[in-house]
Structure formats: structure tokens, C-alpha cells
Amino acid sequence: MENKQELERMIRSMVMNIMNGTDTGADAATEGSLPDEPGVFNTVNAAVAAAKKAQIQFEECTLATRGKAIEAIRQSMRPLVNKLAQMTYDETGMGRVADKIIKLNLTLDKTPGVEDLVTECETGDNGMTLYELSPYGVIGAVTPSTNPSETLICNAIGMLAAGNAIFFSVHPGAKKLSRWLVSELNKIVADAIGINNLIVTIAEPSIEAAQEMMVHPDIPLLVVTGGPGVVHQALCSGKKVIGAGAGNPPAFVDETANIRQAAQDIVMGASFDNNILCIAEKSVVAVRSIADELIEEMKKAGAVLIEREDQIQKLLDITLQKNCTPSRKYVGRNANVILRDAGIEVEGDPRLIIMRTDKHHPFATTEMLMPILPVVTVENFEDGLATCLFLEAGLHHTATMHSLNLERLNKMARAMKTSIFVKNGPSYAGLGYNGEGTTTFTIATPTGEATTSARHFARRRRCCLTTGFQIR
């Protein structure tokens with residue numbers, strides 16, 4: 001409680017200092033970015049002031065200019081994908097480099113740009129009304145350590161398309177690559193359209209700096225991709241917030257499914273980048289009549305089944321902390337690393353660890369972000385749907401289902417009310433990888449925007465012409 005009160009006092013002090021111009025960065029408009037690192041500043045206030053100045057210039061540019069900046073990002077970042085994937089792995093220790101390359105290419109290929117800013121128009125006897133999407137100004141964006149580079153690039157494309165500048169409050173666990181990436185993106189955009197500091201950050205990210213950003217008077221919109229704690233803090237700011245929070249996606253397999261294909265899809269989806277994607281399958285719910293067959297097919301697809309209760313308990317002991325949160329030591333780590341540290345010897349190099357549990361087991365109810373997947377057996381479709389609703393816990397994030405019964409597929413989709421629902425495919429199809437549609441790494445379930453794109457980073461404004469304007 002004392003820490004919370006102290007934090008609140010600190011935030012109030014920051015606000016007063018910024019408003020009164022007494023903050024150490026009050027003269028930020030004249031403070032430049034760090035030498036050889038365009039877009040990287042020492043203080044939040046300096047970075048925001050520079051971004052605000054750049055955004056005023058950017059707002060006067062045409063849509064074609066915005067498109068030019070975005071195309072420059074796509075073209076210039078593509079040769080750096082392998083390097084960025086390796087940098088991300090080296091700093092965070094999470095996931096697989098090959099899978100990160102796929103995610104980064106997906107981001108560059110399928111993140112929407114200015115084409116997402118659709119104009120609406122109404123005409124009639126009393127004139128014409130336009131609804132258009134306009135910039136907010138400087139957006140404060142929080143990025144995670146699990147998907148830092150993908151989220152940063154995806155947000156940069158969408159936010160620039162909407163005409164904004166961006167202050168990135170990056171996760172300290174990925175600060176080196178994020179700082180490098182912000183500087184690279186800033187240089188790319190400046191070279192393309194002649195405006196510097198449209199994408200900024202600070203040299204040393206921290207919780208205090210994130211708090212300062214959230215209450216800064218020159219940031220009207222917060223876009224937060226992270227855990228429930230940081231989303232809650234943003235929602236308490238009193239500002240417009242787009243919040244992408246936690247999920248615990250179940251995968252339901254009924255007796256009508258193509259069991260072999262379902263097993264392959266689940267193993268590939270749950271093991272992709274070692275399960276650090278928030279949309280990845282976090283549990284399997286299987287109808288009893290096909291559960292054994294499904295497990296055998298999952299083993300053929302690259303999973304290893306742990307059956308001994310003492311070994312399952314050992315896995316739990318090392319991966320889940322006493323406060324019921326996943327151990328950061330094992331988040332996004334390879335299955336063989338987790339098995340080795342649990343003292344479990346297996347043959348080969350499995351992509352995924354599976355075990356049978358009930359629906360109340362911590363592996364089933366916790367978003368582990370590791371290649372560990374519990375299999376929960378149910379009697380029938382109705383029991384399975386109820387179990388999936390229990391496991392997803394009202395987060396309304398993501399769910400998948402494998403079935404050839406269209407009525408059941410439709411019923412589950414309606415009941416789950418998730419931002420993403422994938423039918424007969426791996427979870428990552430919901431991000432546009434081997435699935436149709438655009439991609440995003442900010443899935444705003446708590447605040448309702450779901451799969452975000454440029455249009456969500458813009459204000460919807462109404463403009464009326466009252467004289468007649470129609471030819472009908």
C-alpha cells in the first residue's frame with residue numbers, strides 16, 4: 001500500500017511539473033536526441049516535445065506522403081529482418097529465431113496502411129455529410145517484451161498511416177533492440193519524407209517513465225500492448241486508451257473433426273515462437289471418444305506426452321511461481337530446456353510438452369506463455385463448450401475449434417465472444433499467417449477494438465455541407 005501511495009504521489013508530482021514547466025525536460029523543444037541515435041532522448045518530456053513538433057508538420061502532409069513513409073519502412077526493414085529476429089532472441093531469450101522471422105515478414109507484408117482510412121459519406125436534400133478519420137497527435141504506445149519488434153513495427157505503420165507521431169514506452173526487458181529499432185525507423189522515415197522525430201523513445205525505459213508518459217498532457221491517446229497490470233494503469237489515466245491485455249485461448253476438438261489435421265494445427269500453433277503469442281493455444285479441450293487418438297497424433301506432430309504425476313508436478317514447480325504467475329526464466333523457452341531443468345529425459349527435440357489434466361489445473365487456468373499444453377477431456381460438445389468458457393475466463397481474446405459440424409462451430413463462436421475465433425486451423429491463422437486478412441500484434445480486447453489497424457488510431461470526425469450536393 002505504501003508503495004502504491006508513493007507511486008501516486010510521484011505521478012501527481014510529474015503532472016504538476018510538466019504543467020508548470022518546471023520538469024527537467026521543460027526546455028525539451030530545444031533538447032536534441034542522442035548523438036547517432038535519432039529519435040532517442042534522455043527524458044520523456046524531451047521526446048514528446050520533439051514528436052509533437054514533428055507531428056504538426058506531418059499533419060500538413062498528404063496521404064501520399066504518409067504512404068511513402070510506410071512504404072519506406074516496409075522496403076528498408078525487410079533486409080534487416082534476420083538481424084532483428086536474432087537481436088530479439090539474444091536480448092529476451094524467448095521464442096525461436098525462425099518463427100520471429102516469419103512474424104516480422106508478416107508484419108511488413110500485412111499491416112494495413114493509409115488504405116485502411118475509409119471515408120463515409122451521406123447525401124440528401126439537405127446537403128452532404130462526411131465522416132473522416134483524422135490524427136490524434138502524439139500517441140503513447142507501450143510495447144511488450146514477448147513480441148517487441150513486431151508490435152513496434154506494426155504500431156508504427158498503423159499510427160503513421162493515421163497521421164500521428166509515436167512515443168514508444170518499450171519494455172525494459174527488450175530495451176536494446178527497441179531503442180535500436182526506434183532509431184532505425186526514425187531514420188528511414190526522415191530519409192523518406194524529410195521529417196525527423198515522428199517515432200521516438202527514451203534511452204532508459206522504466207516503470208516511472210511509462211507512468212510519466214501516461215499522464216503527459218501532450219499525449220491524447222494511449223495504446224498499450226501488455227499484461228493486465230499495465231492496461232489497468234493506462235485505463236486509470238483518464239485518457240482514451242486502446243488496451244491489449246491477456247488471453248488464455250482454449251482449442252476445442254470434437255468427435256467430428258479431422259483428428260490428424262487438428263493435432264498438427266494445434267501443435268504448430270501452440271509451439272510457434274514457443275507460445276509467447278497471446279493468441280496461441282494455451283489448452284486443449286477434447287471429447288473423450290477421440291482424446292486418445294488426438295494425443296497420439298499430437299505426438300506424431302512433434303509433441304511429447306508427460307504422463308507421470310510426479311513429473312507433471314515437477315514441471316509445475318519450476319515454471320509457476322508461488323504468486324501463481326509464470327516464471328520469467330521459462331517464458332518462451334524451448335521445450336527441451338524446460339524438460340531438462342525439470343529432470344525429465346526425452347528423446348529428440350520436441351516442440352511441445354503435453355499432459356492430461358482437469359480443467360482446474362494451473363497449467364490450464366494460467367496463461368503460461370511456454371510450450372506447455374494441457375489436454376482436458378470432456379464428455380460431449382455441451383460439456384466442452386462450458387469448459388472452454390471456463391478456461392477462457394471471460395477475457396474474450398482468442399479461441400479455436402476443430403469440427404466438421406457447422407452448427408457447433410457457429411454456436412461456439414457466438415458463445416465465446418472472442419476477438420479472434422479460428423475454425424479448423426492453427427491459432428496464428430487469426431493473425432493472417434496461413435489465413436486471410438490483415439495482421440496486428442495489438443489485439444485490444446479489454447477496450448473493444450479487437451484486431452487494431454490504422455483506423456483505430458484516428459479520430460472519427462463529422463463534416464457537414466448544408467447546401468445541396470447530390471445528383472440523384
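What follows is a set of questions and answers on this predicted model.

Me: How are α3 and α5 oriented to each other, given that their axes cross at roughly 150°?

Reply: The axes of helix α3 (residues 63–77) and helix α5 (residues 97–110) come within 9 Å and cross at roughly 150°. Angles over 145 degrees count as roughly antiparallel. The orientation of α3 and α5 is therefore roughly antiparallel.

Me: Which residues of α5 are met by Ile73, Arg74 and Met77 in α3?

Reply: α3 passes α5 in a left-handed crossing. The residues of this contact divide into 3 nonpolar, 1 polar and 2 charged. On the α3 side the residues are Ile73, Arg74 and Met77, and those that they meet in α5 are Thr107, Leu108 and Asp109.

Me: What is the orientation of α10 to α11, whose axes cross at roughly 55°?

Reply: Helix α10 (residues 259–271) and helix α11 (residues 288–300) have axes that come within 8 Å and cross at roughly 55°. An angle under 35 degrees would count as roughly parallel, and one from 65 to 115 as roughly perpendicular. The crossing angle of roughly 55° therefore makes the orientation of α10 to α11 oblique.

Me: How many nonpolar residues does the contact of α10 with α11 have?

Reply: α10 passes α11 in a right-handed crossing. Ile259, Arg260, Ala262, Ala263, Ile266 and Val267 in α10 meet Ile290, Glu293, Leu294, Glu297 and Met298 in α11. By class, this contact has 3 charged residues and no polar ones, while the number of nonpolar residues is 8.

Me: Glu297 also forms a salt bridge with Lys300; is Glu297 buried or exposed?

Reply: In the salt bridge between Lys300 and Glu297, the closest N and O atoms are 3.5 Å apart. The two residues are 3 residues apart in helix α11, and therefore separated by about one helical turn. Lys300 is exposed, with a relative accessible area of 66%. Because buried means under 20% relative accessible area, Glu297, with a value of 14%, is buried.

Me: Where in the chain do Glu379 and Arg288 lie, and how many residues apart are they?

Reply: Glu379 forms a salt bridge with Arg288, and their closest N and O atoms are 2.8 Å apart. This pair links distant parts of the chain, with Glu379 in the loop between β13 (372–378) and α15 (381–392) and Arg288 in helix α11, and the separation is 91 residues.

Me: How does Lys187 count at 31% relative accessibility?

Reply: Lys187 is the partner of Glu184 in a salt bridge whose closest N and O atoms are 3.1 Å apart. Both residues lie in helix α7 (residues 175–193), 3 residues apart, which is about one turn of the helix. Glu184, at 18% relative accessibility, counts as buried. Lys187, at 31% relative accessibility, counts as partly exposed.

Me: Which residues are linked in a network of salt bridges?

Reply: A search of the whole structure finds 20 salt bridges. A network of salt bridges links Lys100, Lys103, Glu150 and Asp273.

Me: Which residues of α8 are buried?

Reply: In helix α8 (residues 207–215), 7 of the 9 residues are buried, so this helix is largely enclosed by the rest of the structure. The buried residues of α8 are Ala209, Ala210, Gln211, Glu212, Met213, Met214 and Val215.

Me: With which residues is Thr151 in contact, leaving aside its neighbours within four places in sequence?

Reply: Thr151 is found in helix α6 (residues 148–161), and with a relative accessible area of 0% Thr151 is buried. With its neighbours within four places in sequence left aside, the residues in contact with Thr151 are Thr143, Pro144, Thr225, Phe441 and Thr442.

Me: What is the phi of Leu369, which is not a glycine?

Reply: Most residues other than glycine have a negative phi. Leu369 lies in the loop between α14 (362–365) and β13, and is buried, with a relative accessible area of 16%. Although Leu369 is not a glycine, its phi is positive, at about 60°.

How values were computed:
Residues are numbered from 1 along each chain as its sequence is written. This is a predicted model: local features need pLDDT of at least 70, side-chain atom pairs count only at pLDDT 80 or more; totals for chains, interfaces and linings use all residues. Side-chain values use heavy atoms; hydrogens and water are left out. Axes are lines fitted to C-alpha atoms, for helices over the stretch in contact, and angles run from 0 to 180 degrees between N-to-C directions. Helices (H or I, at least four residues) and strands (E, at least two) are DSSP runs, numbered from the N terminus. A crossing is left-handed if the near helix is turned anticlockwise from the far one by less than a right angle, and right-handed if clockwise. Contact means heavy atoms within 4.5 Å. Ala, Val, Leu, Ile, Met, Phe, Trp, Tyr, Cys and Pro count as nonpolar, Asp, Glu, Lys and Arg as charged, and the others, Gly among them, as polar. A salt bridge is a side-chain nitrogen of Lys or Arg within 4 Å of a carboxyl oxygen of Asp or Glu. Buried means under 20% relative accessible area, exposed over 50%, partly exposed in between (1.4 Å probe, protein chains only).
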